[in-house]
Amino acid sequence: MPHDTPLIATIAAGLGLAFIFGALANRFRIPPLVGYLVAGVLVGPNTPGFVADASLATELAEIGVILLMFGVGLHFSLKDLLSVRAIAVPGAIVQMGVATLLGVGLAWLLGWSLGAGLVFGLALSVASTVVLLRALQERRLIETERGRIAVGWLIVEDLAMVMALVLLPALAGVLGGQTPVADHASLLSLPASYGIWGVVGITLAKVAAFVVVMLVVGRRVIPWILHYVAHTGSRELFRLSVLAIALGVAFGAAKLFGVSLALGAFFAGMIMSESELSHRAAEESLPLRDAFSVLFFVSVGMLFDPFSLISNGLPILATLAIIVIGKSIAAFVIVIAFRYPIVTALMISASLAQIGEFSFILAELGVGLKLLPEQGRDLILAGAILSILLNPLIFLMVDWMKPWLEKRAGKPAAPEETRPVGPATEPGRVASVQAVQGGEDGPPPKTTLAGHSILIGYGRVGSLVGVALKEAALPFLVIEDADKTLAKLKADGVETVAGNAANVDVFSAANPEGAKRLILAIPNAFEAGQIVLRARAANPVINVIARAHSDAEVEHLKGLGADTVIMGEREIARGILEAVTGKTDDSTGPAGEIIPQPA
């Protein structure tokens with residue numbers, strides 16, 4: 001068997017170093033994305049030691065782009081965008097315009113062409129989806145007004161970049177670059193010798209034809225395929241169908257309509273998001289999406305020359321200033337112009353003060369089309385790495401400045417938030433409310449409930465438990481991090497704490513010291529174990545009930561202090577025996593342990 005395996009070596013080295021440096025970055029509270037980029041730099045041709053195969057890394061990165069864009073489409077929410085369209089649409093367009101002009105200005109100073117300046121400026125104008133969403137989630141801002149504005153702003157930027165990726169190859173010749181030579185004939189290939197507007201028109205016609213096919217055919221075929229495969233009961237086939245649809249639609253879009261792989265993958269995800277099985281599709285494709293996304297960032301890091309930090313010191317500082325200062329000031333002024341509070345303007349400015357995955361994709365496309373010089377790619381990569389490193393510090397600065405700015409602005413204290421307390425879940429009654437202090441950015445306010453049940457998770461199992469607690473008029477609150485579930489619980493008058501119960505502040509807000517019982521309805525035994533330990537430390541006498549899927553999980557949770565562990569498979573077996581024999585089977589105890597029967 002031959003041992004010359006560059007593909008395996010590239011994947012092994014890329015993922016291995018990405019894990020090491022991603023873990024180190026996470027340890028120092030830096031986005032792991034920075035660690036992945038550093039791993040790429042170390043296996044790239046610009047540093048000594050092992051050099052991965054650059055051509056293979058590029059192809060693996062292409063799969064990463066497809067799956068990354070598929071994930072963006074899968075989580076695309078037109079409803080979220082429409083709810084904040086009044087500020088998100090004009091705000092994102094103006095901010096992108098300002099950043100692009102600043103990029104064009106720097107490119108002019110460096111002696112580049114107008115086409116290079118446009119690509120460079122566009123790459124600096126769009127924030128990283130990964131970094132922004134993580135920053136908002138860590139601060140529990142996703143469900144706040146400012147969080148929705150930031151996410152809507154990001155969606156507009158993403159859509160603008162998708163259109164840029166579609167139009168740039170068609171306009172490359174006009175902008176002074178090299179028109180790409182297609183390696184396959186598109187069914188809709190048309191002569192492109194009609195001037196700039198003819199080229200744009202032909203490109204948009206191809207995109208429109210693809211969109212029509214996806215909306216008319218794809219909306220029927222893709223959900224049907226998912227439902228058919230789901231009914232086979234094979235998880236393996238379902239996972240395979242999701243990946244086949246993502247890659248197949250992306251390749252088909254490029255082969256048949258001449259549009260980018262990225263746009264095809266985005267639409268595949270967007271169409272799939274309309275299916276009732278979209279949540280499961282996202283769950284099943286996540287591991288492979290994550291793995292190839294990591295390889296994408298590693299391949300981007302391989303292109304970066306770390307010595308350019310010395311040779312291009314001043315241009316890199318200017319690039320970083322555009323990203324961190326120019327974009328932030330533009331966003332701040334726009335939000336203030338729409339009469340939003342200073343706090344909202346500061347948070348959105350901080351969120352957008354970085355660049356990421358779309359910038360890398362556009363930079364690589366620009367270099368491939370001979371529009372952007374390699375120096376421009378190095379500046380974009382350096383600006384991305386440095387801005388992502390600085391982003392947590394910018395948020396800390398915003399937190400530090402916020403009280404001072406509010407005081408200077410003469411802003412009154414934030415109104416008290418109404419939150420349901422007490423046994424507020426009795427049938428037919430609306431939850432009583434009591435005012436509690438608590439801002440959006442700090443830790444969640446602590447509940448005033450006592451002698452209550454803390455229900456962790458409100459999925460298929462947790463919702464059944466919640467209904468039973470409500471019917472029994474027992475006071476309880478729910479810790480949940482799913483946005484739609486939280487909104488429904490609040491509408492039903494159920495007290496909630498938003499976030500992950502493994503987080504110290506989130507769990508403390510549920511008052512475990514005064515609680516009577518803890519019910520863990522989440523399926524993740526590892527995470528549940530952490531919560532059991534935290535609950536036992538806060539309240540040694542609290543009654544802990546958990547769920548498990550195996551004997552090992554039962555032993556694990558009981559070893560950490562759970563009083564009762566219910567194993568789903570044994571409860572199903574008990575139900576089957578009751579249906580068969582017509583009587584209750586007492587051969588399993590409440591913890592899922594077998595009780596010896598008399599001979």
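Colleague: Across which strands does helix 21 lie, and how does helix 21 run relative to strand 6?

Modeller: In this predicted model, helix 21 (residues 525–538) lies across strand 3, strand 6 and strand 7. Its direction is at about 175° to strand 6; angles between N-to-C directions run from 0 to 180 degrees.

Colleague: What makes strand 3 and strand 6 a pair?

Modeller: At least two bridges are required for pairing. Strand 3 (residues 453–456) and strand 6 (residues 517–520) are joined by 4 bridges, so they count as paired, and they run parallel. Within this pairing, S453 stands opposite R517.

Colleague: How do you know that strand 7 and strand 8 pair, and what is the handedness of the crossover between them?

Modeller: Strand 7 (residues 543–548) and strand 8 (residues 564–567) share 4 bridges in the parallel sense, with I545 opposite T564. The chain passes from strand 7 through helix 22 (residues 551–560) to strand 8, and this β-α-β crossover is right-handed. That term applies because the path over the helix runs clockwise when the strands point away from the viewer.

Colleague: Why are strand 5 and strand 8 said to stand at the edges?

Modeller: The open sheet has 6 strands in the order 5-4-3-6-7-8, with parallel pairing. Strand 5 (496–498) and strand 8 each have a single partner strand, so one side of each is left without a neighbour in the sheet. From one strand to the next, the twist averages 15°.

Colleague: What makes F210 and F267 buried?

Modeller: Buried means under 20% relative accessible area. F210 has 2% and therefore counts as buried; F267, with 10%, is buried too.

Colleague: How do you know that W224 and Y228 are stacked, and are they buried or exposed?

Modeller: Their planes are 15° apart, with 5.6 Å centre to centre. Planes under 30 degrees apart count as stacked, so the name applies. Both residues lie in helix 9, 4 residues apart, about one turn of the helix. Exposed means over 50%; W224 has 56% and is therefore exposed, and Y228, at 54%, counts as exposed.

Terms used
Residues are numbered from 1 along each chain as its sequence is written. This is a predicted model: local features need pLDDT of at least 70, side-chain atom pairs count only at pLDDT 80 or more; totals for chains, interfaces and linings use all residues. Side-chain values use heavy atoms; hydrogens and water are left out. Helices (H or I, at least four residues) and strands (E, at least two) are DSSP runs, numbered from the N terminus. Contact means heavy atoms within 4.5 Å. Buried means under 20% relative accessible area, exposed over 50%, partly exposed in between (1.4 Å probe, protein chains only). Rings of Phe, Tyr and Trp (its six-membered ring) pair if their centres lie within 6.5 Å; planes under 30 degrees apart count as stacked, over 60 as edge-to-face and the rest as tilted.
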